[in-house]
Amino acid sequence: MTDNTTGGDVRLTGISKTYGSFTAVHPLDLTVPQGSFFALLGASGCGKTTTLRMIAGLEDPSTGTVFLGDQDVTALPPYKRPVNTVFQSYALFPHMDVSENIAFGLRRRGIKSVKAQVDEMLELVQLGDKARHKPHQLSGGQQQRVAVARALINHPQVLLLDEPLGALDLKLRRQMQLELKRIQTEVGITFVHVTHDQEEAMTMADQVAVMNGGRVEQLGAPADLYENPKTTFVANFLGTSNLIEAEVVETGTDVLVTAGGGKLRVPGDRCTDAVRKGGKLLVGVRPEKISLAHADDAGSIADGRNRVTGRIVESSFIGVSTQYVVNSPAGAELQVYEQNIERDARLRPGAEVVLHWNPAHTFGLDADQSMLAGTTGVAGVETVEDSL
């Protein structure tokens, strides 16, 4: 096994997987930095689980090479790879207590003295008081931590997590997101985590690869993917984006566009390469970046802000914010999220309003792609079997 101090990352070069005429994973190159928490994010059937299984050795790639550190492991069976996998079904042994479950991997390798290592793992996952409990006496989150401890006690170079929180309820899932991140930070080994949950990936991962249709659509830090999506799929799949069809009229440091009879500015460095003078552009802005002013107050909006007029068609109070849907000449059903700090009672369905925002919060995407890509159940989201 490669020394963790010199390697420790996962490198996939030209890796792909086909089943007959169906391509689950198109040839891709991917590097997971050593010691990082890395997420493969995408809808069911996008190829993320197949990619993980090829790292684990549970699937043979149709083409390409799998490296763990500097070691080519493509031809090695799963048990000879320095990886362990935690699945959504924790597969704990019901007749064994927590300590015995955690010790299982060591005992199977013939290691007799395991107590010190088991105690270390129990402390890491904060289950020392549950050592003699059977799995059925534990909550879902506790069972999940036992499964993680059982994998980590083998000191893998890489821990693979396949939808590990999928069976938990929302509140427990959020707690476990923080717990898993804490554990990864403490042990310092590479975690590769497969999930369809955007919040889960954004909360835990240092880097996220957004997958779509067997390809990596975009790779980067969560904040960068959210703020600077390069495709409509990423813009829509990671949260909500307002996308407005516009015509480019001037390019420079800023790109000037027209939409719905008005002019908007987009920072030139936040536009994809497809933008050209006289061409079309999709102007994007996140709902929480937009402020909403009643039409009577339009004169008080600061100069230099992007602005669009419209009419509120729907509003939903959700506690921390109010979510508005606005129809505008620039686009139908524009979304606006306003924090409930000083609510304006005039902002209700039927009201004429002005949407305004800092041009720096705008991004520009190639218009030759579906505005609906990345939204549920439409073009851009693969719907083949969940197991791929």
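**Helix packing and selected residues in a predicted model**

Good morning. I begin with Gln126, which has a relative accessible area of 48% and is therefore partly exposed. For accessibility, buried means under 20% relative accessible area, exposed means over 50%, and partly exposed lies in between, with a 1.4 Å probe and protein chains only. Gln126 sits in the loop between helix 3 (115-124) and helix 4. Its phi is near 55°, a positive value in a residue other than glycine.

Residues are numbered from 1 along each chain as its sequence is written, and side-chain values use heavy atoms, with hydrogens and water left out.

Let me set out the overall picture. Of the 388 residues of the chain, 50% count as buried. The chain contains eight helices and 20 strands; these are DSSP runs numbered from the N terminus, helices being H or I with at least four residues and strands being E with at least two. The C-alpha trace spans about 80 × 45 × 35 Å along its principal axes. Among contacts in the chain with a separation of 6 or more, 68% are between residues 24 or more positions apart, where contact means heavy atoms within 4.5 Å.

I turn now to helix packing. How do helix 2 (residues 98-108) and helix 4 (residues 140-152) cross? Their axes come within 7 Å, at an angle of roughly 30°. Helix 2 is therefore roughly parallel to helix 4. Axes are lines fitted to C-alpha atoms, for helices over the stretch in contact, and angles run from 0 to 180 degrees between N-to-C directions. Angles under 35 degrees count as roughly parallel, over 145 as roughly antiparallel, 65 to 115 as roughly perpendicular, and the rest as oblique. On the helix 2 side, Val98, Asn101 and Ile102 meet Val146, Ala149 and Arg150 of helix 4. The residues of this contact comprise four nonpolar, one polar and one charged. In this scheme, Ala, Val, Leu, Ile, Met, Phe, Trp, Tyr, Cys and Pro are nonpolar, Asp, Glu, Lys and Arg are charged, and the others, Gly among them, are polar.

Helix 4 also meets helix 5 (residues 170-187), with axes that come within 10 Å and cross at roughly 20°. Helix 4 is therefore roughly parallel to helix 5. This crossing, too, is right-handed. From helix 4, the residues involved are Gly140, Gly141, Gln144, Arg145, Val148 and Leu152, and they meet Leu172, Met176, Glu179, Leu180, Ile183 and Val187 of helix 5. By class, the contact of helix 4 with helix 5 has seven nonpolar, three polar and two charged residues.

What of helix 2 and helix 3? The axes of helix 2 and helix 3 come within 10 Å and cross at roughly 120°. These two helices are therefore oblique to each other. Helix 2 passes helix 3 in a right-handed crossing. Helix 2 contributes Val98, Ser99, Ile102, Ala103 and Leu106, while helix 3 contributes Gln117, Val118, Met121 and Leu122. The residues of the contact of helix 2 with helix 3 are seven nonpolar and two polar, with no charged residues.

Is Ile153 buried or exposed? Ile153 is buried, because its relative accessibility is 1%. Leaving aside residues up to four places away in sequence, Ile153 touches Ile102, Leu106, Gln117, Val118 and Met121.

I return to backbone geometry. Most residues other than glycine have a negative phi. Glu163, in the loop between strand 7 and helix 5, has a positive phi of about 50° although it is not a glycine. Glu163 is buried, because its relative accessible area is 12%.

Finally, the cysteines. How many disulfides does a search of the whole structure find? The search finds zero, a disulfide being a pair of cysteine sulfur atoms within 2.5 Å. Cys46 counts as buried at 2% relative accessibility, and Cys271 is buried with a relative accessible area of 12%. Thank you.

Methods
This is a predicted model: local features need pLDDT of at least 70, side-chain atom pairs count only at pLDDT 80 or more; totals for chains, interfaces and linings use all residues. A crossing is left-handed if the near helix is turned anticlockwise from the far one by less than a right angle, and right-handed if clockwise.
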